[in-house]
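Subject: Structure handover

Dear colleague,

Please find the structure below, followed by a short account of what was found in it.

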Amino acid sequence: AGRSGSSGGVAAYDDARDGHGRHRLEAVEQLRTGITGGQLVLHYQPKLALATGEVEGVEALVRWQHPTRGLIFPDAFIDLAESAGLMSRLTSAVVDMALAQCRAWADEGCLLTVSVNVSPSNLVDEDFPDEVAEALRRHRVPAAALVLEVTESILVEDRERAVRVLSRLREAGVGVSIDDYGTGYSSLAYLAALPVTELKLDRVFVAAMTGSSRAASIVTSTLQLAHALDLTLVAEGAEAQATVDALAGLGCDVVQGYHLSRPLPAEQLWSWLQNRPPATVRSLA
Ligand code: C2E
Ligand code: MG
Ligand code: MG
Ligand code: MG
């Protein structure tokens, strides 16, 4: 099935990323309008705590509901947003929507942590921690209910500043997760020094683990490393029950993937939660 309403649209935005001239300018202007004009929507994918069988949170994944091109997936516009200087606005919009949704679910009696993906430019922005704190206050969401997912690429440019920004977010009580872990190039020394709370093992290792003892060894050793550093290990991209069972057997903390659910619009995610057996969704005491 198509990942967007129009594959031509995706290609157009993808090409615009590195291009120059009129085409790129148009794409940037459309994206600017999309961000400020309320065309971004979030889909939510549940995260299952394996020890309790409880849905403990969701990851918010952005989509662009384009007026003529249909639903566009992030891989087709995130790089353009980053290179065009629109990432600060995009992330503010996503944080705002995610926290509004978190508050709405909490008002229904369901306390879910919400994970939001952030980009390298957000982490060299010294105003970002204050913006996040302000959004948490505005939506009356406890800081511990927000997790920011960063990739190891943040360590490449201005590492010191990124660590400073992350430290301030941690001090405020926000969780920090290393996304796509294992595919980047951070050394173990940096990992130990980074103010993080969670490792999110990339789905290439998760997908391969039931068929390859080498991939399974990577999962096992990453789990040991995460626990030695007092970090939560999340396995992303679990597509089969056998994978979930294997992860549970190894002692992995949290699993996410199509096997449980694809990312869903908020209303559909809510119905999905309602259809689960009682006591498998974290509720407010
Ligand atoms: P990610 O943060 O690593 O998110 C996981 C991606 O894998 C999502 O794709 C999700 O739909 C997909 N996925 C989840 N479970 C499975 C599975 O079992 N199998 C497979 N094959 N895929 C699975 P999506 O939504 O297209 O997002 C792609 C990437 O775009 C994200 O990767 C993230 O890096 C970026 N992104 C998404 N939303 C945002 C955002 O709000 N801000 C920023 N800066 N980046 C975002
Ligand atoms: Mg992510
Ligand atoms: Mg990931
Ligand atoms: Mg990714």
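R103 counts as buried because its relative accessibility is 19%, buried being under 20% relative accessible area, exposed over 50% and partly exposed in between (1.4 Å probe, protein chains only). This is a predicted model, in which local features need pLDDT of at least 70, side-chain atom pairs count only at pLDDT 80 or more, and totals for chains, interfaces and linings use all residues. Residues are numbered from 1 along each chain as its sequence is written, chains are lettered from A and ligands numbered from 1 in the order in which they are written, and side-chain values use heavy atoms, with hydrogens and water left out.

R103 is part of helix α4 (residues 87-107); helices (H or I, at least four residues) and strands (E, at least two) are DSSP runs, numbered from the N terminus. Its side chain makes a polar contact of 2.7 Å with that of D107 (a pair of N or O atoms within 3.5 Å; within protein, one must be able to donate a hydrogen and the other to accept it, and residues adjacent in sequence count only if both atoms are side-chain atoms). The R103 side chain also reaches the backbone oxygen of R140 at 2.5 Å.

Kind regards
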